[in-house]
Amino acid sequence: MTPRVIVVTSGKGGVGKTTATANIAAALALLGNKVVAVDGDVGLRNLDVIMGLENRIVYTLVDAIEGNCRLNQTLIKDKRVDNLFMIPTAQSKTKDAVTSDQMVSVCSELRKDFDFVLIDSPAGIESGFRNASAGADEALVITTPEVSAVRDADRIIGLLESMEKSPIFLIVNRIRPQMVKKGDMLGVSDVLDILQIGLIGMVPDDENVVKSANEGKPLTLGDGAQAAVAFKNIAARITGKDIPFMNLEVPKKGFFARIKDAFGGGR
Amino acid sequence: MIKLKGMTGSIVRCVIPEDLPSADFNSEFGKVMETGGSILNGARIVLDFGARAISEATVTALLSGFVWPSGASVAAWITYDAVSQELLKRAGLRTSEPAPSEGGPCGALVLHRSLRSGQRVEHRGDVIITGHVNDGAEVLASGNITVLGRLNGLLHAGCEGGGEGEDPDTVVVSRCMEALQVRIGSKIGSLGRDAEWWGKRVVASVKDGAVLIEYWPFVKGENAGGVKEETA
């Protein structure tokens with residue numbers, strides 16, 4: 001298959017780019033693809049922690065770019081899954097340590113050995129985002145159903161379009177169906193109406209995501225959690241499989257549950 | 001494929017599709033010079049990039065590889081990317097549509113697209129947008145502005161007016177009004193989400209020195225949404 005380089009980006013910080021990168025990378029590897037997740041957030045690395053590989057870092061992406069080591073020496077193999085690798089970035093450098101041209105050549109090098117290269121982009125629209133995106137062909141834009149995050153996603157989509165990235169797909173993260181139902185949160189259809197790009201996944205708000213991030217074990221390496229299923233579905237759709245979207249509607253309550261709510265027991 | 005289109009006032013519009021890879025610029029502009037060489041020689045051209053961002057390298061490459069060799073002169077560089085507009089303006093290049101006659105008004109600019117956050121349209125004349133104007137997008141027009149989609153961004157109609165020269169008939173029309181501010185001439189209307197016309201079809205105009213929102217279509221004297229906050 002033709003190697004695919006995908007940047008995971010959002011504009012706004014804290015919407016789940018790194019978590020999505022780790023989980024989708026692990027899910028793609030579980031599907032039998034050779035995958036590398038690259039931390040493109042120079043100076044504020046987090047991907048290593050989310051993937052639980054921070055204790056195995058010897059060389060970083062910046063070391064390879066500065067010529068202190070070869071690129072393949074920066075690769076950390078995840079022992080839990082075959083074919084899953086990560087390249088950490090430097091914590092002690094700034095965004096200026098990497099240029100767009102250098103990222104393009106890093107990605108060209110990685111294309112030779114991997115089916116998928118996932119790049120975790122920093123927040124913002126400045127050089128860090130531009131460098132992280134430079135070597136990618138495609139983009140996954142993450143947003144949460146909040147007005148500010150959607151506005152930033154809209155800005156990022158415009159920039160990605162002008163950088164000729166295609167396709168650009170949307171992931172709506174941290175959906176809380178109960179709030180959407182009450183009208184306190186934007187629904188996925190509202191977000192799509194504004195952003196007008198293809199949807200590749202809807203991820204429900206799930207406390208297991210925080211737990212797994214703290215444990216350094218991507219959710220998709222386990223089973224059961226709703227968010228894990230959502231990320232696995234996204235990985236399958238990236239590979240071209242036609243997977244129906246999860247039903248995130250609030251289930252109707254039965255008679256006894258409604259009686260319990262009425263007496264304050266349903267909180 | 002790059003297309004050449006005739007405009008009023010002997011101007012030729014050179015439309016560069018947004019999906020054309022920039023790596024193909026050299027070859028595509030070469031084809032335009034081959035096929036349209038006689039049209040371009042001595043012509044005033046508008047280079048229309050749509051929402052594409054333009055870099056310093058693109059500008060210099062186009063000037064040396066296309067504009068000067070073809071004998072054309074650039075009347076305007078059109079891009080909706082606000083950062084690129086600033087770059088072009090700093091180089092003294094015109095970024096708004098040229099008038100058919102020098103100093104006169106332009107025809108209406110019709111955009112069959114939505115404007116994303118960070119995109120900006122400036123036009124000397126009326127503007128009609130058939131898509132949405134998203135939060136963070138801006139439209140500045142010397143004439144009226146009509147948005148057929150949802151309006152979340154910032155519109156400034158009559159943006160060259162103000163003071164004595166302000167046209168009292170300038171309006172903003174929106175089929176789904178969800179903007180928190182609208183500007184007409186020198187007046188700014190600050191609007192609220194709790195207004196009864198939020199999300200509805202409205203006409204905004206200046207009445208008695210303030211921005212007034214009315215339902216559209218409206219019957220004169222009825223349906224007025226009330227006078228909103230005004231800033232000179």
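# A tour of the two-chain model

Begin by selecting both chains: ten residues of chain A are in contact with 14 residues of chain B, two residues being in contact if their C-beta atoms, placed from the backbone, lie within 7 Å. Within the side of chain A that touches chain B, select helix H6 (residues 147-162), which gives the most, with seven residues. Helices (H or I, at least four residues) and strands (E, at least two) are DSSP runs, numbered from the N terminus. Coloured by class, this side of chain A divides into two nonpolar, three polar and five charged residues. Here Ala, Val, Leu, Ile, Met, Phe, Trp, Tyr, Cys and Pro count as nonpolar, Asp, Glu, Lys and Arg as charged, and the others, Gly among them, as polar.

The model is predicted: local features need pLDDT of at least 70, side-chain atom pairs count only at pLDDT 80 or more, and totals for chains, interfaces and linings use all residues. Residues are numbered from 1 along each chain as its sequence is written, while chains are lettered from A and ligands numbered from 1 in the order in which they are written. For the complex, the predictor gives an ipTM of 0.77 and a pTM of 0.81.

## Chain A

Eleven helices and eight strands are found in chain A, and its C-alpha atoms fill a box of roughly 70 × 40 × 35 Å along the principal axes. Of the 267 residues of chain A, 49% count as buried. A residue is buried if 20 or more other C-beta atoms lie within 10 Å of its own, exposed if 12 or fewer, and partly exposed in between, with C-beta atoms placed from the backbone. Among contacts in chain A between residues at least 6 apart in sequence, 75% join residues at least 24 apart.

Next, select A:Ser166 and A:Pro167, which are joined by a cis peptide bond with omega of about 0°. A:Pro167 sits in the loop between H6 and strand S7 (168-175) of chain A.

Move on into strand S7 of chain A, where A:Arg174 lies. A:Arg174 is not a glycine, yet has a positive phi of about 55°. A:Arg174 counts as buried, with 20 C-beta neighbours inside 10 Å.

Then select A:Asn83, in the loop between strand S3 (76-77) and strand S4 (84-87) of chain A. The phi of A:Asn83 is also positive, near 70°, in a residue other than glycine. With 18 C-beta neighbours inside 10 Å, A:Asn83 counts as partly exposed.

The last stop in this chain is A:Leu219, in the loop between helix H9 (207-215) and helix H10 (226-238) of chain A. A:Leu219 is buried, with 28 other C-beta atoms within 10 Å. Leaving aside neighbours within four places in sequence, the contacts of A:Leu219 include A:Asn23, A:Val209, A:Ala228 and A:Phe231. Display also A:Ala26: A:Leu219 and A:Ala26 are 193 residues apart in sequence, and 8.8 Å apart in space, C-alpha to C-alpha.

## Chain B

Turn to chain B, which has three helices and 16 strands. Buried residues make up 40% of the 232 residues in chain B. Colour the chain by pLDDT, the predictor's confidence in each residue, from 0 to 100: the average for chain B is 86, and 88% of the residues score at least 70. Over residues 227-232 of chain B the pLDDT is below 50; beyond near neighbours in sequence, this stretch has 19 contacts in the model.

Select domain 1 (3-90) and domain 2 (109-227) of chain B; domain bounds come from an automatic or database domain assignment. The centres of domain 1 and domain 2 of chain B, taken over C-alpha atoms, are separated by 31 Å. Five residues from domain 1 of chain B and five residues from domain 2 of chain B take part in the contact.

Finally, select helix H3 (residues 82-90) of chain B, whose buried residues are B:Ser84, B:Gln85, B:Leu87 and B:Leu88. Seen down the axis of H3(B), these buried residues fall within an arc of 160°, so they line one face of the helix; the arc is that of the directions from the helix axis to the C-beta atoms. On the other side of H3(B), B:Glu86 and B:Arg90 are exposed. The buried residues of H3(B) pack against helix H2 (56-70), strand S4 (73-78) and strand S6 (120-123) of chain B. After H3(B) comes B:Gly92, with a positive phi near 75°.
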